[in-house]
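Follow the stops below in order.

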Amino acid sequence: MDSANLDFINRMLEQDSELREKIKDQVTEFDKKTRTMTGLLNKIHSTPTAQLPLLLDSVQPILESCKETTGAIANLVPANQFWRWKEMWSISLRNAVFSATLIEYLRSGTLLTLPQVSDILGIQPEWQDKFTLAAEDYLHGLISLVNELSRLAVNSVTLGNYEEPLRISAFVKDLFAGFTMLNLKNDALRRRYDSLKYDIKKIEEVVYDISLRKLAPVSGK
Amino acid sequence: MSKQTTLNTRSAIIQVFDGFRNELDDHNDRRERLIKSSRDVTNLSKKVIFLLHRIMTDDASPEDQDDHARAARAVSKSRDKLKEIQNLFAGFSHELQGERFWRYQRAVSPGLQEYIEALSFTYYLETGRLISYHEVQKTLSDAEGNNYFPLSVEDYLLGLSDLTGELMRYAISSIPRRGGRAKANEVCAFVRNCKADFESFTPYIRDLRKKQNVTSQSLEKIEDAAYAVAVRSSEYDLPPEILDDLVSRTMSSAFGGDHGGSTRRKRPREDDQEGMEYND
């Protein structure tokens, strides 16, 4: 290999290596934030409904702070290279989606859209080719949400809340109906999608249990 | 906050997921198309490599008096086929514009690396050198110099690394022919340099280590062949071209005009006499 070519290749490899390090640092930060949120949100399984808003408020600032991290990463990624580096932060991003959608569900019982989650995480539309919320990451986040809600259905009953499992059941069934519309390949998303039916089964069993024992409220809401 | 509303009905959710379905279908379909195109590229590239081996080891053709003429013919035929492959790339480059390239890079990578192997083999036969990154990128661009897509350093290095395997085959099949021993030594030195250069890249590129191991094996094969040549020729105090002549004439007299470089029939006794002539 002639020396000009050798130098060029070495320079390219060095640059990529340095960039990888910088992105890794940001991802570590991102990871810390999402883990903290997940830790706090774990308390919902032992928090009475009345105290939930306070708990959710405590998570809010951390969610806000994710904007700095997404901005920092977007700043590092060269133009058009989103798909080249995205695996580095996929896990953290999916966890962030999970936290954001869980908080919204607990507040309003509804589902945050992908653009709304992007907004909350400070992801700008003009970063499209550098940092964006891809459909697959949003969907993975939603599946984690369903996993969590099936647990919540069980624990709500333990806490004496007999309405929550019914709400969760309706919500999760709607989500599942959406998921069944997708033509999935045999990838990780497909495997996790397959696990949804076990969550639904679990929730149905809770609904069944409390219905039989007439614990559930008889009339509408 | 956001102007949009959250989703709270099944129909709203279904509508959003319908959009996801279209998006995922679009992506998966494109990926399948590109994988098929990559296979077409691989196919054609392998044909180029076989073509080069075939021409370089073909002794029967009367027009190839020396290796240079043969190489020139091989290169010229190969360039036509390489152009076909480049046109294939041009054909699907529209699917790889902007940020899409990196999304589908893995789908086109196998074909691309095979093409680089064929291209660099041709380049070596033409120039005796290793093709540079910029020269490869140039073949993947249109007349105005716009690249069909960015060439990743990984694909460049991995494609180039496979070249050493082909060179090993080339060197070893050259040996029985006229001038083949010198050729084997040349190729041996070249592959040794390649291996050395690539060693410094291996920490950066995951799959390069495996390919380096294959290169090492190829190099050893060529080294063993070069050793055998050196040991045997030291037993006869003759210039290498004369040795080659002796061998090829022995071949043709033993098997007739269809084999070896010479088409003249000679009986063993005549060969001995001619060999003695050169001894003073």
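How much area is buried between chain A and chain B, and what percentage do carbon and sulfur atoms give? About 3,900 Å² is buried, and carbon and sulfur atoms give 67% of that area. Buried area is the accessible area (1.4 Å probe) that two parts lose on being put together, summed over both.

This is a predicted model, where local features need pLDDT of at least 70, side-chain atom pairs count only at pLDDT 80 or more, and totals for chains, interfaces and linings use all residues. Residues are numbered from 1 along each chain as its sequence is written, chains are lettered from A and ligands numbered from 1 in the order written, and side-chain values use heavy atoms, with hydrogens and water left out.

**Stop one: the interface.** In total, 41 residues of chain A contact 40 residues of chain B (heavy atoms within 4.5 Å).

**Stop two: a salt bridge.** Pick B:Glu32 and A:Lys185. They form a salt bridge, with the closest N and O atoms 3.6 Å apart. The count between the two chains is 3. The criterion is a side-chain nitrogen of Lys or Arg within 4 Å of a carboxyl oxygen of Asp or Glu.

**Stop three: two helices of chain B.** Select residues 163-174 (α6) and 208-235 (α8) of chain B. Helices here are DSSP runs (H or I, at least four residues), numbered from the N terminus. The axes come within 9 Å and cross at roughly 15°. Axes are lines fitted to C-alpha atoms over the stretch in contact, with angles from 0 to 180 degrees between N-to-C directions. α6(B) and α8(B) are therefore roughly parallel (under 35 degrees).

Notes
Parallel < 35°, antiparallel > 145°, perpendicular 65-115°, else oblique.
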